[in-house]
Amino acid sequence: MIKNGHHAEEEQREEDSVCGTPGGSACSPEKRKRVVRLWCDGCYDMVHYGHSNQLRQAKAMGDYLIVGVHTDAEISKHKGPPVFTQEERYKMVRAIKWVDEIVEGAPYVTTLETLDKYNCDSCVHGDDITLTVDGKDTYAEVKRLGRYRECRRTQGVSTTDLVGRMLLMTKTHHSNMDNPDYQQHTDNFGKGPKGHSPWTGVSQFLQTSQKIIQFASGKEPQPGDTIIYVAGAFDLFHIGHVDFLEMVYKQAERPYVIVGLHFDQEVNRYKGKNYPIMNIHERTLSVLACRYVSEVVIGAPYAVGKDLLDHFRVDLVCHGKTEVFPDKDTSDPYAEPKKRGVFRTVDSANNLTTDDIVQRIIANRLQFEARNQKKEAKEMAVIEAMKRKEQDQSEGAAQPAH
């Protein structure tokens, strides 16, 4: 790829800084390897493990990942109202461990000018399609110029699907997606009247050990690390959780933060309603994607007892300002760490809860339904156009030569 002068100079500076000599004369070929900078952009509304997985795949294609996040005004214009404010969304994306830098207020349509401004080689996006308010592909220019790369979309999760689960309010939404009530609801919620778009809809998320390995850091605690344990549902992993985990991370000079995640049945016992919105496998990936988390205990016991504290050699147990629900036998789940003097209440100064997010969704229900039906209709129009183009090409190829 031909670079303009500005980028060539910047590239040389990067090489010099790696090698330590002007022009990199003392450099080995490995060290002279140019830093590959990649660009991703999006709304990143209700950031979930699907977004994190896209960014993980993008980072694996290069060395430095810049993520552009759109403003509330841009999203409202092209898609409809976002669930989270732009400030909340900026902070959520910054907390994803594969992100090196974010650009606030990135343009909705990705152009060559944007890639060049941030010295990015390519733009990376999932294999779904993103359309402007007038139905145009937002990546058309960078695709045409060969500066576009694609990664696989994570099956089984989308903002549409999560919103649908919240509005459904049943206890079985994540264990039985064949439930006719759920299917009927999702058809009403995310679908237009004609046809189904493969990009807007609901499919079952299937967890694999490989996916957990890809998300996990794989780092063991080192001598001198402070092992900090926190536990909870961490449902619909959101900015309230991020602010809490960041404060927990700051409790020590060398923190190793372990998050205990409760099984779905346990969460439903103490939270009730249709909680958790996300099942244990989905919550595991959401938490592992956070840069402040070192390890996750899947299906952690509700009571933080002697066995758990000794097994992980826990130095500190933290809990936020939210209510601590008693265990099944009405005992305090934090009795043992309190007895040992290792329990600490951490105030993140953010009291947002999963309940609050559900209330935001319900308050905007009609707007969200309209948004998803419009999105579906635009996607179906693109699919029809693609089919027509393919048909025309095949008919043209079949014409006999004159």
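Contact means heavy atoms within 4.5 Å. By this criterion, contacts in the protein chain with a separation of 6 or more come to 76% from residues 24 or more positions apart. The model is predicted: local features need pLDDT of at least 70, side-chain atom pairs count only at pLDDT 80 or more, and totals for chains, interfaces and linings use all residues. Residues are numbered from 1 along each chain as its sequence is written, and side-chain values use heavy atoms, with hydrogens and water left out.

The protein chain holds 16 helices and 10 strands (DSSP runs numbered from the N terminus; helices are H or I with at least four residues, strands E with at least two). Of its 402 residues, 51% count as buried (under 20% relative accessible area, with a 1.4 Å probe and protein chains only). The accessible surface of the protein chain is about 19,700 Å², and carbon and sulfur atoms contribute 51% of that area (Shrake-Rupley method, 1.4 Å probe).

Five strands form an open sheet in the order β8-β7-β6-β9-β10, with parallel pairing (two strands pair if DSSP finds at least two bridges between them). Strands β8 (295-298) and β10 (343-345) stand at the edges; each has a single partner strand, so one side of each lacks a neighbour in the sheet. The twist averages 25° from one strand to the next (axes are lines fitted to C-alpha atoms; angles run from 0 to 180 degrees between N-to-C directions).

Strand β6 (residues 226-232) pairs with β9 (residues 316-319) in the parallel sense over 2 bridges. I228 stands opposite L316 in β9. H319 also lies in strand β9. At 10% relative accessibility, H319 counts as buried. Beyond its neighbours within four places in sequence, H319 is in contact with F244, V324, Y334, F343, R344, T345 and V346.

Key. Buried means under 20% relative accessible area, exposed over 50%, partly exposed in between (1.4 Å probe, protein chains only).
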